[in-house]
Amino acid sequence: MTAMTACLRAKTAFTGNDESYLLSYAVPLKDNAFLLGYKKNGAIVLYVFNAIKDTSVSKVHDGAWHHWCFSWNNRGGKWTVYKDGMPAAAGTGFQTDKTIPANGVWIVGQDQDTVGGGFVASQAYVGDITSINVWNTDNVNVAAVASCGDNFGGNVISWYAVTKEVHELSTYREDFCKVT
Ligand SMILES: [Ca+2]
């Protein structure tokens with residue numbers, strides 16, 4: 001991917017130990033090809049192609065549901081973090097001209113240090129998470145997605161369509177947007 005948008009909903013009061021990870025994508029030689037998490041102070045941190053961006057956008061662990069999106073384009077390295085459908089932080093020059101390689105592995109709730117493995121227990125996410133969608137473009141109507149809009153499903157990961165393997169979850173609910 002030369003551009004992307006990743007969105008999810010999360011609810012947690014878990015402070016964590018150092019960084020807690022919500023979503024990771026690893027490929028051979030680049031275990032942090034994409035990584036979304038938060039620091040102990042609740043601020044969102046992101047990795048693209050193994051480079052970190054501390055966005056200072058908080059607060060993930062306030063115990064309430066929030067919708068988070070991150071968009072990035074390698075043209076100019078333009079990035080934006082959205083909280084509940086609204087831009088919360090943005091910048092340029094982040095991993096300009098880099099490409100996120102194909103054929104990797106996506107993991108929810110953990111960082112990967114090898115493809116599909118290398119998990120560290122102290123970095124695990126503890127909380128609720130749902131509505132994970134990923135697009136291969138930064139041209140996504142995030143406000144509409146946050147309110148279950150018409151282009152809700154991602155074209156890389158669509159939460160309704162993707163095959164999910166569930167490990168050690170206490171409860172499972174498909175998605176806010178389909179709960180009646
Ligand atoms: Ca990693």
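Predicted model: local features only at pLDDT ≥ 70, side-chain atom pairs only at ≥ 80, totals over all residues.
Val 115 sits in the loop that links strand S9 (105-108) to S10. Val 115 has 18 other C-beta atoms within 10 Å, so it comes out as partly exposed; a buried residue would need 20 or more. Setting aside neighbours up to four places off in sequence, the contacts of Val 115 are Ala 26, Val 27, Pro 28, Gly 104 and Val 105. Met 4 is another matter: 111 residues separate Val 115 from Met 4 in sequence, and their C-alpha atoms lie 20 Å apart.

As a rule, the strands of a sheet pair through backbone hydrogen bonds, in either a parallel or an antiparallel way. For S1 and S10, the pairing is antiparallel and covers six bridges. Within this part of the sheet, Thr 5 stands opposite Trp 135 of S10.

The largest nonpolar core counts 40 residues, and Ala 6, Phe 34 and Cys 69 are the ones with the most contacts inside it. Its contributors, with at least two residues each, are strand S1 (3-11), strand S2 (19-27), strand S3 (30-39), strand S4 (44-48), strand S6 (66-73), strand S7 (78-83), strand S10 (128-135) and H1. Cys 69 gives a closer look at one spot in this core. Leaving out residues up to four places away in sequence, Cys 69 touches Thr 5, Ala 6 and Cys 7, along with Tyr 82, Val 142 and Val 145. Ala 6, then, turns up both as a contact of Cys 69 and among the residues with the most contacts inside the core.

The last stop is Val 156, found in the segment that follows helix H1 (142-146). Val 156 has 17 C-beta neighbours inside 10 Å and therefore counts as partly exposed. With residues up to four places away in sequence left out, Val 156 touches Val 134, Trp 135 and Asn 136. For Asn 136, which is 20 residues from Val 156 along the chain, the C-alpha separation is 6.3 Å.

Conventions: Residues numbered from 1 in each chain as written. Helix = DSSP H or I, 4+ residues; strand = E, 2+ residues; numbered from the N terminus. Buried ≥ 20, exposed ≤ 12 C-beta atoms within 10 Å, placed from the backbone. Contact = placed C-beta atoms within 7 Å. Core = buried A, V, L, I, M, F, W, Y, C linked by C-beta atoms within 7 Å. Pairing = 2+ DSSP bridges.
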